[in-house]
Amino acid sequence: MTYLFYLKSSNPHLLILPISFVAPSGLEYRYLRENKGDLKLLSTPDLEVLPPQFEAIIFVSAKESNLLPTGITAKLKRQVSLLDIFQAIATTLDAPAITQAINPDEQFQKVREALSAQSTLLIIDNLETIEDKEKIISFLNDLPNTTKAVITSRELQVIYAPLRLGALSEMDSLELIVQQADEKGLDLSDAEILQLYQRFGGVPVALIYAIGQLANGFPLANLIDPAIQLFADIGRFCFENSIQSISHRPAYQLLLAIALFHQSPRREALISVAGLEANDVIASESLTKLERLSLVFQEGERYGMSALTREYALQELQRQSEKEAEMRDRWINWHLEFSQKYGGKDWGDWHSQYDYLEAEWENLASVLDWCAIRDRYIDGRDIGVSLAYYLYLYGHWDRGMAILGWVIEAGERREDWLTVVQLKSMGGWIMLMMGQLDYAEHHLSYGWQLSNDYGSMFTRCEIADNLAILYIRKGDYPTARQWSETCDRLTLELEDPDRTRFQIYGLCTAADLFYQEQNYVKAKELYQAALDLALKIQWQRYTNYTRGWLADIAIIEGDFPKAEKLLMTGFIAAERNHDRQRIAFFERCYARLEFAKGNFERSQEWGIKAKESFYRLGMKSEMAQMEEFNALQFNALNKLNYGHILQ
């Protein structure tokens, strides 16, 4: 990140320039006056300003090196002092009297005279590395009216009005890639251009360097592969000076800690992983320092960094194995405590706890992936078990099965049968919901066998009920009833609130059987009993579940007002709790209701929503059913429209 600082003399107008003039690529000369009488207005969101045009541009850079496609090369001459600036002014304006002056006062006067002779733009690049900073700032404050000055710095200077220059937008980045590729004779496809942007972000120097590497024959596949580290030269050129200024300080710890997070971390997570919990004042000062150096940026309660900064920080961390091990342990422990605090079973309005997990899901998933790759079983197991119900209810089914699958496999190798049984139950249920009935049966049957010796009574009840629902889905109702009765018998051995939870499960499973057999009177009686019991213990998930089925029966019975009331209440609660599966079922129910009422267009809208929701969840059977239903809706709508035409 770079800051532009606008300075002016006594001229009352603030000079506003786009960043393109700062790059030493010739673009700055677009501001040279070619036609003094040809001035056009530039539109901005709030006002119109005259475009800046100058008769002379002086560029002074304190950079220590240049980044070329062949690597970093040291600059033969750095301009780091006030005398260097005077020399640059003398050379550019062809004013030898400046360097011939005998004393500093006379030299300063000659500089003012030379600058006053024409409109001039003076650019001071890399202020943070200049030596005579105070003298230079004093000089810039006393420039003649004909001169405007702009300074750039990675470090925020609060004495002037700054403009924070972030990464280029996607559109500007793509245009830069195209321009650089054309200049170097490279033929890149649209897909390759986009891949380069996704790899390097909107950092111009990185994009230019990458195109230079391609021009030198570096393989594109290696350049865009995130598994291959970016060139060290890019990171060194962009960050080395800034990071050297904070090395061995708390700010450095925070920088390395941020790099561990897949998504921008919350402040408390960052400070904990950096090991700075004991001193919040130092942590706050250090975060401010990182922001001033443009190494991190704040987004509400979170702190982020560019992909390029993150990769450089990770390379720094990898060179310090002991520090990385300590920091990784704190990183894992924070996410473990977080998942145990907000995970677990879904009592009440579970969104009040699971929403915290959803906000951190990408970070939690990255920790689990890291544990899996390095076989950190205990940590991965404890986090995975805490997240099991959240993964199911918030619809992270594919990723959830990958996580649970790794924990189950690693648990089997270690003969951690208690965990294996518990996760076999949840994994089997997710497969069941996704319509993978054979895989679900294998998981649940194997889990049931192990549960005789290793499973808790809660898990045994859960597997028995899941098997009952599995056989309902397979159309084997006698076997389903046997498993339902087994679950009812085991439920008597539980203590509350788990006993009541499984009584509700049992009522709903029995009701499902009667519903499939089209005994809607008995099904409604059992669903209502389950709803009353769920309301009694404030179990939000099953109040929604039973409302959905009662609404479905009300539609069959033609009681549309009752169906609408049940759906409205349940749908609001399902959306609030982010119960993606239940939302899909409510959308399907709304489609059926509107169809029964003859509102075919409205029914079709709900049907499309339901199909898309089932598709996102991977519920293939329900998705196929909705395709058939949507075809029925389409035919009904066509007949209706045809009838209107005949009339």
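Hi everyone, let's begin with a cysteine. At a relative accessibility of 2%, cysteine 508 counts as buried, because buried here means under 20%. Cysteine 589 is buried too, with a relative accessible area of 4%. As a reminder, a disulfide is a covalent bond joining the sulfur atoms of two cysteines.

Please keep in mind that this is a predicted model. The chain's average pLDDT is 80, and 80% of the residues score at least 70. Over residues 1–51, though, the pLDDT is below 50, yet this stretch has 123 contacts in the model beyond near neighbours in sequence. Residues 642–647 also stay under 50, and there the model has zero contacts beyond four places in sequence.

Now for the second largest pocket, which holds about 690 Å³ of space. It is lined by 32 residues, and Met433, Arg473, Trp549, Phe585 and Glu622 are the closest to its centre. Which elements give two or more residues to this lining? They are α17 (377–393), α19 (417–433), α21 (457–473), α23 (498–516), α25 (540–557), α27 (580–596) and α29 (620–646). The biggest contributor is α21, with six residues.

And what kinds of residue make up the lining? It divides into 15 nonpolar, seven polar and ten charged residues. If you have the structure open, find Trp549 and Phe585, two of the residues closest to the pocket's centre.

Notes: Residues are numbered from 1 along each chain as its sequence is written. This is a predicted model: local features need pLDDT of at least 70, side-chain atom pairs count only at pLDDT 80 or more; totals for chains, interfaces and linings use all residues. Side-chain values use heavy atoms; hydrogens and water are left out. pLDDT is the predictor's confidence in each residue, from 0 to 100. Contact means heavy atoms within 4.5 Å. Buried means under 20% relative accessible area, exposed over 50%, partly exposed in between (1.4 Å probe, protein chains only). On a 1 Å grid over the protein atoms alone, a cavity is a set of points where a 1.4 Å probe fits but cannot get out, and a pocket is an open set with protein on both sides within 12 Å along at least five of seven lines; lining residues have an atom within 4 Å of a point. Grid points are joined across faces, edges and corners, and a volume is the space filled by probe spheres set on the points. Helices (H or I, at least four residues) and strands (E, at least two) are DSSP runs, numbered from the N terminus. Ala, Val, Leu, Ile, Met, Phe, Trp, Tyr, Cys and Pro count as nonpolar, Asp, Glu, Lys and Arg as charged, and the others, Gly among them, as polar.
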